[in-house]
Amino acid sequence: MPHRPNRTVLLGLATLSLLVGAGVAWAATGRERSLAVYPAQHVPLRFDHGQHLEAGAECVTCHDAARTSQSPKDRNLPGHEECETCHDIDAARKGKRTDPPSSCTTCHPGFDPTVRMEPAKLVVPSANLRFSHQQHVEKKVDCTVCHGEMKDVQLATRQQLPKMATCFTCHDGNVASNTCKSCHPTEASGRLRLTFDAGLLRPMQGNPLGLDHGPRYEFNHGPRATVDRLTCQQCHSESYCQTCHDGMQKPLSVHPNDYITLHPVQARAGTPRCESCHRAQSFCVACHERTGVGMDADASLRPRNLKVHPDYQAWVEIIGPQHHGIAASRDIGSCISCHREESCTSCHSSLSTRRQINPHPAGFTQACKRLAGANDRACLKCHTPESLAEKGCR
């Protein structure tokens, strides 16, 4: 198969549907590329890149125009002129047999020139990026760096366009710029453009910066937004944040109905998540004191706390189904969502400055000596070493 003289291959291995642009695909890091970066294509062709490479063709044989391309809007796809380097299209149109095959149906399956004059059109929108192939050619970036090996690829699609992680091999802030604006279009405000006709620019699973905006991202973005505030501001303005964080009312997607009752368990399990929005001392403690939940809250506020704990006297003093000791033995996990050991030892300890209430059942003395003899660390939570010695437990 004849082909043009060998040239230094500095161009990415381009394809019939490939060289519409390349660059950093913020949202395109998984198997699928972001539609907002690489819009959907329709390529009604039959082609085998591996076959052409094996026959001796090079990237520049079909995609020579990409050497000087400075914009993703450039259509760096081959036409009949490039194909005629090897395929005798005129002879095939006259009914002659050619080698390699050169009839219309060789590349345009199902096309019948007696039925319609033109084959189905290619739909290959330009990439929504800032990109110059010429710059990368001059930097001696090899084809396979961006587009991978093509020897096993037949008809290439947008799946052969580079991922963001691939671009980061060079765009690391040292070899080349790693700022978002280097490759992504921006609005007049200077922030990244997020909305395109093809879709919404949104980081997906596997994003190399750890910015996966997947399902329920609104629930866990707080710590990330606190640490990487400048990164967030590449796309979002403060007014965007204030649509939820207006200081007046939180949307139900963040805090659902009856969240006051439910929040203690989540707060204990994920304090950093809460602290991305709330300060423990100025928000949590103050709210607990106002509602009568805090240990030092005024007794007059106790009636407000009935939703969390029942009648205070029954909860603390009267032994029965509503006593807190019964509730704790039934579901201690519910208790520790709000309380620590210090809450218990404020009463159930020989060190307590309040009422000292013995939590041990009758006849515990023998068990006490056995447990203290094995490991008295738990005992020392409430007792001094001297008091244990007086009881004969040490």
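His-383 is buried in this predicted model, with a relative accessible area of 18%; buried stands for under 20% relative accessible area, exposed for over 50%, and partly exposed for values in between, with a 1.4 Å probe and protein chains only. The residue belongs to the loop between helix H20 (364-374) and helix H21 (385-390). Helices (H or I, at least four residues) and strands (E, at least two) are DSSP runs numbered from the N terminus. Leaving aside residues up to four places away in sequence, His-383 touches Ser-350, His-360, Leu-388 and Lys-391, where a contact requires heavy atoms within 4.5 Å.

Some conventions apply throughout. Because the model is predicted, local features need pLDDT of at least 70 and side-chain atom pairs count only at pLDDT 80 or more, while totals for chains, interfaces and linings use all residues. Residues are numbered from 1 along each chain as its sequence is written, and side-chain values use heavy atoms, with hydrogens and water left out.

Ala-367, Cys-368 and Ala-372 are buried in H20. These residues lie on the same side of H20 because they cover an arc of only 125° around the axis, the arc being that of the directions from the helix axis to the C-beta atoms. An α-helix has 3.6 residues a turn, so residues three or four places apart point the same way. The face of H20 turned away from the buried side carries the exposed residues Gln-366, Arg-370, Gly-373 and Ala-374.

The largest nonpolar core has 12 residues, including Ala-36, Tyr-38, Leu-129, Cys-180, Phe-196 and Cys-235. A nonpolar core is a set of buried Ala, Val, Leu, Ile, Met, Phe, Trp, Tyr and Cys residues joined through side-chain atoms within 4.5 Å.

How many disulfides does a search of the whole structure find? The search finds 0, a disulfide being a pair of cysteine sulfur atoms within 2.5 Å. The sulfur of Cys-86 has its closest cysteine sulfur in Cys-62, at 7.6 Å, which is too far for a bond. Cys-232 is likewise in no disulfide, since the nearest cysteine sulfur, that of Cys-241, is 7.3 Å away. Cys-86 is buried at a relative accessible area of 15%, whereas Cys-232 counts as partly exposed at 24% relative accessibility.

His-263 is found in helix H13 (residues 259-269) and counts as partly exposed, at 25% relative accessibility. The C-alpha atoms of His-263 and Cys-338 are separated by 9.6 Å, although the two residues are 75 residues apart along the chain.

The peptide bond from Asp-99 to Pro-100 is cis, with omega near 5°, and Pro-100 is in the loop between helix H4 (89-93) and helix H5 (104-107). Lys-140 is not a glycine, yet has a positive phi of about 60°; this exposed residue, with a relative accessible area of 63%, is in the loop between helix H6 (133-138) and helix H7 (143-147).

Overall, the protein has 21 helices and 2 strands. Buried residues make up 32% of its 394 residues.
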